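Please view the sequence and structure below before reading on.

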Amino acid sequence: ADLQSHLSTLKPTFPYANTTPTKVQAAFEFADRVRHDGIDINGYRQQGPGHAVLCDLYADYIAYLDQHYLADFARTEELFLAGLRNQSLQAVCDGLNAVLVDEFQDTNYLQEQIYLQLCAGGVNSLTVVGDDDQSVFRFRGATVEIFANFTQRLTHHLGVQWQPHRIDLRNNYRSTERIVSFCNHFITSDASFQGARIPNKLPLVAMAPHAHAIPTNLPVLGMFRPDIDTLAADVSSLLIDIFQGQGRTVQCDGHTFTIVRSPSGDFGDAVLLARTTQEYRSGPNPAPRLPLLLRQRLHAHGVRVFNPRGRSLGEIPEVQRLLGVALLCVDPQGGVLNGIQNMSPPIRNRLRDWRQIGQQYAATNPPPGHLQAFIRAWEARVPSHGQRWPTEWPLLNLLFTLVTWFPELQTDPEGQVYLEAVARTIAEAGQLNKFGSMILHGQGQWDNASISAVIRGVFEPLAAEEVDVDEEVMPHVPRTYFPMMTVHQAKGLEFPLVIADVGSDFTRNHAAQRIFRAPNSGGSVHVLEDIIAPFSPVGPLRNQRSSTERAWDDLRRLYYVAYSRAQDVLILVGLNSQLRTPVRIPAVATGDGPDGTRHLTFVPAAQWSPGAAAGTVALI
């Protein structure tokens, strides 16, 4: 009870932290913060009974890692820093002359200490590169203030001889002049945000070869519609015209701009960027979101979408069928599943549903055929070739054998990402359960025990939606696919055409959505930062701005990253409710500031002029 009460203060977006996954997530976030923020764990422990239990959890977790010779990412960094300090890694450092750090704006305190220790240990050159306006990983412990105070922190730790030389990299070779001007305006127009930026920061200058050419230097465009269905229809129509048709012409104040693919262009040259690419809204009655409606409309034109993060694994039909068939094999009559204690009824029911889905799929006799015979052989534990059934069978081997009947998991990029997630879950479960994700046979009571172990270690986490996909296992997606990405995924990438979703979810001025558009308080990550601030060396740095101000800062940086991904065409899409006057739905993405002032102007394309202000969006 003490732990749950304390976790509820760390996760204020929930009324209470009552589910095991929520508790585990909060505990892991705290464990990362202890290492990344240098938290004084003993001081934190003294704050209350819930604090003490959470600290005990952390101590047990670290002890478990050490006893089993394991390390998570933060532990790896922590061990590396310890090795530098006790000079056990001196042989490695002796060969280093320079340290180069990219994306320094997303550095945390632990990583900064590693860089400083390398320099203190003999490295005589340190170069850091970054952009504080693109710091979007606060939820992973990134402390942009470390970058903003780099000069003072460096000389304080290493001495005045380390006074750095600042070089402003302001030439932009990616985007057209109007996109660059728009990004400059968006990041500088809100006076309340300027105190969170590097002092005396210079604006970007468009230097791309085509940056100023009239035919390609399009205005920043906006597509806002009365409802999400109309928006999805018009966005998909635009994409079809551009990549399968003759292009789309936009008239702006007598100027004609044509958006057309390059001779070798395809849908992979465009992207939908959003805060989240989930295809359904969460809740008891999940409604379709823009990514799903776009998927459906593009699919009607024969266009595939790459959005593996859009659905949880347990919602994907191919995965349900695969896992259902696997359950039929390992637990033939479902007796082990039914006998497992302390499994939540929704999870048990979902696993039973998967079994039924697997049976229905097998009954269709999918190519190359004989799936039902394969399942019967597993049910009887009698091989078709007449030999004895092995005493142990790796679940991973079963998985890859079953993939024979699921070609979409072999050939489709999204399917391959889903298959990797399932295989990774099996491999990780094998490290933790005593049977190593093996299905035993002929071992007496251990047979059912091994089945129970894989159900709890593999199938239950998948059913509970506790397994994330890793789309980075697909470094090259066919360019015929239209990608949908979160802004965080797109960090560092660029696309000729960017469609930025700035509010397709905002049908009304709902208080629960304010944290995603115009915060009136800090989110869970900002609250956590406030709670741990007295016990962290970087706490006072962060607390120079309130949690609410930091929430506004994070949203402005997020959409700045989104807008600056565009090379040639930037289109903001949302709902009319964001544009109506005088009562509109405020959002950082559409230029609103904390004082209620809107710093972007939206005009019909016909009223746009070449001399329009940098923050003007032409509505199409």
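A residue counts as buried when its relative accessible area is under 20%, as exposed when over 50%, and as partly exposed in between (1.4 Å probe, protein chains only). The model is predicted, so local features need pLDDT of at least 70 and side-chain atom pairs count only at pLDDT 80 or more, while totals for chains, interfaces and linings use all residues. Residues are numbered from 1 along each chain as its sequence is written, and side-chain values use heavy atoms, with hydrogens and water left out.

Gln113 counts as buried because its relative accessibility is 9%. Its place is in helix 7 (residues 109-120); helices are DSSP runs (H or I, at least four residues) numbered from the N terminus. With residues up to four places away in sequence not counted, Gln113 touches Leu81, Arg85 and His157, where contact means heavy atoms within 4.5 Å. The side chain of Gln113 also makes a polar contact with the side chain of Glu112 at 3.2 Å. Such a contact is a pair of N or O atoms within 3.5 Å; within protein, one must be able to donate a hydrogen and the other to accept it, and residues adjacent in sequence count only if both atoms are side-chain atoms.

Leu238, in helix 11 (residues 228-244), is buried with a relative accessible area of 2%. Leaving aside neighbours within four places in sequence, Leu238 is in contact with Met223, Arg248 and Ile571.

**Two helix pairs**

The table gives the axis values, for lines fitted to C-alpha atoms over the stretch in contact, with angles from 0 to 180 degrees between N-to-C directions.

| Helix pair | Axes come within | Crossing angle |
|---|---|---|
| helix 19 (residues 413-432) and helix 20 (residues 445-463) | 9 Å | roughly 140 degrees |
| helix 13 (residues 317-330) and helix 17 (residues 395-402) | 10 Å | roughly 130 degrees |

Angles under 35 degrees count as roughly parallel, over 145 as roughly antiparallel, 65 to 115 as roughly perpendicular and the rest as oblique. Helix 13 and helix 17 are therefore oblique to each other. Their contact is made by Leu322, Val325, Ala326, Cys329 and Val330 of helix 13 with Leu395, Leu398, Leu399 and Leu402 of helix 17. By class, this contact has nine nonpolar, no polar and no charged residues.

Helix 19 and helix 20 are therefore oblique to each other as well. Val422, Thr425, Ile426 and Ala429 in helix 19 meet Gly457, Val458 and Leu462 in helix 20. The residues of this contact divide into five nonpolar, two polar and no charged. Here Ala, Val, Leu, Ile, Met, Phe, Trp, Tyr, Cys and Pro count as nonpolar, Asp, Glu, Lys and Arg as charged, and the others, Gly among them, as polar.

How values were computed:
Helix = DSSP H or I, 4+ residues; strand = E, 2+ residues; numbered from the N terminus.
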